[in-house]
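Subject: Handing over a structure, with notes

Dear colleague,

I am passing on the structure below, and after it you will find my notes on what came out of looking through it. Please read them with the structure open beside you.

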Amino acid sequence: MKAAVFHRPGNISVDTVDDPKLEKDTDLILKVTSTAICGSDLHIYDGFFPQPKPQVLGHEFMGIVEETGKAITHLKKGDRVVVPFPISCGSCYFCQHSMPVHCEHSNPEHYGPEGDMMKGKGGGLYGYTDLYGGYSGGQAEYVRVMYGNINPRKVPDHLSDEQVLFLTDIFPTGWSAIDWGRLQGGETVAIFGSGPVGLMAQKAAWLQGAGRVIAVDPLNYRLDKARLVNKVETINPHETDAVEAIRAMTGGRGADVCVDAVGTEAERSFFDKVKAVINVEKGTAKVMEQCFEAVRRGGVVSVVGVYGSPYDNFPIHRIFDKGLILQFGQAPVQKYIDKLLGLIEQEQVVLDDIISHQLPLSEAAHAYDIFKHKEDDCVKVILKP
Ligand code: NAD
Ligand code: ZN
Ligand code: ZN
């Protein structure tokens, strides 16, 4: 079959690789009909998360069940499903407690309590380096899906792939960020990053009762998109100091909830880069730090942008003095996905309005290139195998 294979940083090609096979009775083989490229894939593409050998990427995918293992009772050949990105066994402590990303069974070789950059990671992820299980991902014609009775969700025929594909990751991720913000109704939510995850958090903020939603991003075309599809207020930090602007918009108090939907690969100045070298840090934590500044006292900071290394001078003093509530991490997709599919079916939310490019899988290398370099007004790319 054909698949998008990561070879080394900046190098992805569409190669012929072996077809996936059923390895366990609870596996199924999916014929992929649509798959997306995520900001998280860029961390591998950039070399931020090292992957020493070639790997088929892709953790956002859906398709048609092609073959089922002997123990699959919930699905049959021909069923059309979306697949959450965390691989959940359904039976361990964490899966039983709605924390599928920490599954104790799906990443046997590298699982551990440490949560370190290079060891002791959480549960398995599709197409996300050897540290997260080394599983082939879904930017391919076919993919092996694990725990087939637990994870895939059937989707109704009348909904297109584009309408439901983002249930695999970015909509539940945006939803988590806002859910962690504990809105009561009417709050001001400031979302740093207006890429696919930030755009989904904007949608989730309105759905969960925000009174005001503010998007921050240095790319004007992404702010244009945010205003167009989500009717939010916008701030470009190249034009105005984002923290000061958020304070000014909230009577000096700060936003009730700040979301970091950027992560460690935020754009960096020369000074940021020098500081990272001196402190032996990877990337930067500056967006998270801006969230601590822009949020009101006693407010919530939700961090869904990815961080992978320790940082010196972490502003713990500010967090303490302001009495902030923080929640970080990968999204527990399985916790929310059924409710969120319901919102799509009830036409309470539209997700496909963020798609900027639909390309054949054969153009994956070009797709990565434009998504990484924010060219051609790229916001979210869907690949069709
Ligand atoms: P993306 O790269 O398309 O979007 C990031 C956006 O941040 C860009 O629009 C960029 O211009 C903006 N940005 C850069 N520097 C900024 C700054 N200083 N202030 C404000 N905005 C800034 O990626 P994405 O797909 O939207 O993903 C965003 C982050 O979320 C990534 O770190 C990704 O790995 C992570 N992610 C996390 C989860 C999870 O489960 N927690 C799931 C999916 C993605
Ligand atoms: Zn993703
Ligand atoms: Zn588990």
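This is a predicted model: local features need pLDDT of at least 70, side-chain atom pairs count only at pLDDT 80 or more; totals for chains, interfaces and linings use all residues.

The zinc ion (ligand 3) is held by the SG atoms of Cys89, Cys92, Cys95 and Cys103, at 2.3 to 2.4 Å. The angles that these 4 donor atoms subtend around the zinc ion run from 102 to 120°, and the arrangement is therefore tetrahedral. Along the chain, the donors of the zinc ion follow the spacing C-x2-C-x2-C-x7-C. Cys89 sits in the loop between β6 (80–83) and α2 (93–96), while Cys103 belongs to the loop between α2 and β7 (142–145), so this pair ties together parts that lie 14 residues apart in sequence. Cys89 counts as buried because its relative accessibility is 8%, and Cys103 counts as buried because its value is 0%.

The next point concerns ligand 1, which is surrounded by 29 residues, the closest being Ser40, His43, Asp217, Arg222 and Ala331. In the side chain of His43, an N or O atom lies 2.7 Å from an oxygen atom of ligand 1. The backbone takes part as well: an N or O atom of the Val197 backbone is 3.0 Å from an oxygen atom of ligand 1, and a polar backbone atom of Gly329 is 2.9 Å from a nitrogen atom of the ligand. Ligand 1 would expose 860 Å² if taken alone, and the protein buries 94% of that area. Two or more residues of the shell around ligand 1 come from each of the elements α1 (39–45) and α5 (196–207), and α1 gives the most, with 3 residues.

Turning to the strands, there is an open sheet of 3 strands in the order β2-β1-β4, and the pairing in it is antiparallel. The edges are taken by β2 (11–16) and β4 (55–56), each of which has a single partner strand, so one side of each is left without a neighbour in the sheet. Strand β1 (residues 2–8) pairs with β2 in the antiparallel sense over 6 bridges, and Arg8 has Asn11, in β2, as its bridge partner. In general, strands of a sheet pair through backbone hydrogen bonds, and they do so either parallel or antiparallel.

Ser34 is placed in strand β3 (residues 28–36), and it counts as buried because its relative accessibility is 0%; even so placed, the side chain of Ser34 makes a polar contact with the side chain of Asp161, at 2.7 Å. Val259 is placed in strand β12 (residues 255–260), and with 0% relative accessibility Val259 also counts as buried. The C-alpha atoms of Val259 and Ala215 are separated by 9.6 Å, although these residues are 44 apart along the chain.

Finally, in helix α12 (residues 364–373), the buried residues include Ala364, Ala367, Tyr368, Ile370 and Phe371. Just after α12, Lys374 takes a positive phi of about 55°.

With kind regards

Notes: Residues are numbered from 1 along each chain as its sequence is written. Chains are lettered from A and ligands numbered from 1 in the order in which they are written. Side-chain values use heavy atoms; hydrogens and water are left out. Donors are N, O and S atoms within 2.8 Å of the metal (3.2 Å for Na, K and Ca); water is not among the atoms, so sites may look incomplete. Four donors count as tetrahedral if all angles lie between 85 and 135 degrees; four count as square planar and six as octahedral if opposite donors are over 155 degrees apart and all others between 65 and 115; anything else is irregular. Helices (H or I, at least four residues) and strands (E, at least two) are DSSP runs, numbered from the N terminus. Buried means under 20% relative accessible area, exposed over 50%, partly exposed in between (1.4 Å probe, protein chains only). Two strands pair if DSSP finds at least two bridges between them. A residue is near a molecule or strand if one of its heavy atoms lies within 4 Å of it. A polar contact is a pair of N or O atoms within 3.5 Å; within protein, one must be able to donate a hydrogen and the other to accept it, and residues adjacent in sequence count only if both atoms are side-chain atoms. Accessible areas come from the Shrake-Rupley method with a 1.4 Å probe; for residues, only the protein chains shown count as cover.
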